[in-house]
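This briefing covers confidence, overall build and the contact between chains. Please look at the structure below before reading on.

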Amino acid sequence: MIAALLLPVLLAQAAPADADCVVITGVRILTVSHGEIEAGTLILHGDKIGAVGADVQPPPGAKVLDRKGLTVFPGILNPLSRLGMPDAAGAAGSAQHLAADEFNPVSEAIGPAARSGVTLFALQPSGGGFAGQGAFVKPVGWTRPQQMLEKAAFLRLVLQPGSTPKDALKQGLEGARKAFDADRKKIDDKTAALVQFLKGDLVCIAEAGTPAELLHFWQLLDSIPDCTPKVVIAATGDVYKAAADLGARKARVILRPALSLAPFTRERINTAAELDKAGVQIAFAPLTETRESLEGMFFRVGELVKYGLSREAGLRALTLSPAEMLGVDRRVGSLEAGKDADFLLLTGDPLSPLTRIQEVYINGRPVVPGE
Amino acid sequence: MIAALLLSLLLQAPPKEEKKAVYTALVGGDLQTVTQGVLKGGTLLMKDGKIFKIGPVVELPECTIKIDVTGKRVLPGFVAASARNLGIAPAAGKIADALDPFSESVKLALAGGITSAYVEPSTGGTGVFGGAPPPSGPGAVIKMTYGTLDGMLLAEPAGVSLAAWITGSPSERYEIRENLTKAKAALEKERDFEKRRAENKLKPDEKAPRATGIVETYVKLLKGELAARLPAAHVEELRRALDLINEFRFKAVLTDVLEGWTLPDEIGRARAYCLVEPRAKEHAPRNSLRPAGSSIEQAAILRKAGVKFALLPPNANVGTGGTAGRDLLTLPLEGAFAIRGGLDEQTALEAITITAAELCGVDARIGSLEEGKDADVVVLDGDPFDYRTFVELTFVNGKLLYEKATSPYFSHLKKTR
C-alpha cells in the first residue's frame, strides 16, 4: 500500500536509461523512510538511487541484477567513530581542530568496516572540552577525496565534572556570544566555530559521561541569550534517569545499543526504549569498531526490540535518525530516490540473528560483491 | 496502601494550572519538631518547598494533596554532618560544578531519611576505614534533590579544612598560622573601613579592602560565616586543634573525635563542635598513663560539658557493599548507640538534625520542623532510634522523592513488631 502511494513520485524521479544504470530486482526493500516493500525494485543511477518501488520499470538497456530473496537495507551510520584515527588519549582539544587531520586514509580498519555494513562514519576528533570538528567518511577507496564527504561537519564537545572544564566551557561560549556581530575576519577560528554552534549552523555532539552533566550543560546553554544551538547528546546507559528532561527538551541522543541494569539490582532497563517512549530521538553507535562489534549491531538492536523498543525506532536509529541528527539525511540514511546509493543486501530480516550481509554497495558500486 | 493512595493523589496533582499554589499536607502523624517538642496527631502543611503551617488542626486549602500518616512519626530530614562520595562527581574545584543529582547514592541517602549533607570536593580515591584523601577545596552543604540541580546546593563555601594544621608539616602549619594572621589583619581593615563609612569619614574614591584566595576564605572563617574542620581523634590532636581555635577564635568542627570524653571542658571552653562516631572503637595503649581510647559514653560526656556535636557512622558514605550497616544509610542508629552510652534522646535527635545543620551554618533553613523552614521532611513507621524502624517517605524542598513502597531496594522489607 505504501509502495502504491510512493509509486508515482518515484517513477517521476527515475532517470532515463544509460549504461550507468543498474537495476536490482526481486528484493524486499526496507526504505526506513517510507516503510517496507515486500517485492520491489531498486534502480541505481550512477552513485545515486534513481528509484525505489514495487512496480518501477527498469529503463531499457540497464544492467539487471536479480536478487530474489534478499533484503535491501540502507547502510549503517556510525555517529561516534574513530575509524582510522590514532590513539590520542590525553590530547588537548580545541574547537578549530579537525578530525580530518588525524585521519589515516589507508588504515587497514577501513575495509573490514565496510564489510560489516557500516557505510558512513562520523569521525570524532580527540581531546576534551570542545575537542574539534568531525568529518564524514565513507569506507571506500584509499584517498581522502574518495572517502571524505565533509571535512568540518560537526563539533564535538566532551562534558566533564569539575570547575576547570566548566569554567573553560562557560568562558568559550560567553566569548562566542559576544562575538555574534563581530566581523568574521576579526575573530579567530576557534571562536568562529563556537559562534556557528550557538547560531545553530554547526551541530554539536556533546558527550556526557553521566546524565548529571547534561543538567549542568543545559543550565549553561539556557543562560546564554538569543542562541539556537543544535545539540546531539552522546550518552551512557544510565541516561534513562534523565528521560523526562530529555523528552521535555525534545533531545536527540546517541546511545550504545545495549541493555542496562538498574544500580545494585538485576532489574533490566532498556534505555533506548525508555527514551523513545519519552519522545527522544535516538541513534545507535557501536560499542567498539572491531568487525565483530560492527556486525553485531543488528543483533544488539534486535535484542532491544525484543525487550520493548519499537522495531521502527530501532532500525531508524541505525540509519536515518543519526543522519538527521548530524544533518546528512539529504544524502544518506534511507532508500529514497536522489540519495547516495549506499545500502546492504541481506539474506533475511536485519534483526534476525541468522541474517548475513551478502553484498554492500557504496556510491552505487559493490564494495563487497555477492557470489 | 499509602503507596496506592499517594500515587493516585500525585497523579491528580495538577500541572495544568502552574500558577496555582499546590499544598501537600501530612495529616495525623506525631510531629517530632526537634526544636518545639512533639505534636501528637498534628498536621504539617507544605507549600512552595517550605513548611507553611504546623499545628494540631490546620485548615487545608482547596488544592491540597492530603497524605494520611496516622500512627507514623514525622521528623525533619536527617542531616549528615559529613559525607563522602555523596551526590557529587569526583572532581576538583567548586562543589557547584561537581553536583550529581542522578547519583544512586542520593537515592540511597533519601531511603535512609537523609535530606542534606556536608560534602567536600575530592578527586577520588576512597580509604576503606576513613582513609579518604584530603579535600581539594572548601566544603558545601548539598540537598538530596534527586533528578534536579534546582535547590541542590544549599551553601558553598560552608567550611574549610584545616587538616594540615593537625597532620601537616611544620611549614604547612606555619603557613596556616601566617594566613590566619593576615586574615585577622584584613578583617580589622575591613571593620575599620565599615566604621569610617558609617561615620562618613572615607577618603574620596576609597574602595573597600578585599582579601583574595585562601586569606579571603579565612576572613569568612573569622567572621563566623563558615567553620573550620580539624580532624582530631586523639588528645594530642585535640589539644593542637584547640590551641589554634583559642588563638584565633573561630567556629570549628572537630572531626573523627575519639578521645574527646577525656577533655570535654577544654572543648567546651573553645566552643568547638564535635563529630562523634558512637560506634568507633579504639583500645587505649597498654602503657598509657592517662585516660585514652574510645568510649561509647563520649556523646553523653560531651553533652554534660555543654559541647555540641553531630553523630556519624563509622563510614560517612552511602553504599550497599561491605560497609552496609556502618554507613549513612542507618544514621539514626548512631543515635541509638549514643543513647546506649547515656545520651538523652532529645540530644541524640538534635545531633542528626538541628545541631548538624548548625555546625554547617544552615540551621536557619533546615534541621527542624518549623514554619518557614525548608520542607525537608521524613515519615517514619516507628521510633527513629529503633532498629526496626523504616523510612516510609522522604520529602526534599516539598517534593516527595522517596517512597519505600516503590523502592526496588526496600519495598520487600516488612516492619517487624
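Where pLDDT is low, the predicted coordinates should not be read in detail. For chain A the mean pLDDT is 92, with 94% of residues at 70 or more.

**Confidence**
- Across chain A, 94% of the residues reach a pLDDT of 70 or more.

**Fold of chain A**
- Chain A contains twelve helices and 18 strands.
- Its C-alpha trace spans about 65 × 55 × 40 Å along the principal axes.
- The radius of gyration of chain A is 21 Å, which agrees with the value near 21 Å for a compact globule because the chain has 371 residues.
- Of the 371 residues in chain A, 48% are buried.
- Taking contacts in chain A between residues at least 6 apart in sequence, 69% join residues at least 24 apart.

**Contact with chain B**
- On the chain A side, 17 residues are in contact with 16 residues of chain B.
- Two elements of chain A, α4 (163-178) and α6 (211-222), each give two or more residues to the side that touches chain B.
- The largest share of that side comes from α6(A), with four residues.
- By type, the residues on the side of chain A that touches chain B are eight nonpolar, six polar and three charged.

Conventions:
Residues numbered from 1 in each chain as written. Chains lettered and ligands numbered in written order. Predicted model: local features only at pLDDT ≥ 70, side-chain atom pairs only at ≥ 80, totals over all residues. pLDDT = per-residue confidence, 0-100. Rg over C-alpha atoms; globule rule 2.2 N^0.38 Å. Buried ≥ 20, exposed ≤ 12 C-beta atoms within 10 Å, placed from the backbone. Contact = placed C-beta atoms within 7 Å. Nonpolar A, V, L, I, M, F, W, Y, C, P; charged D, E, K, R; others polar.
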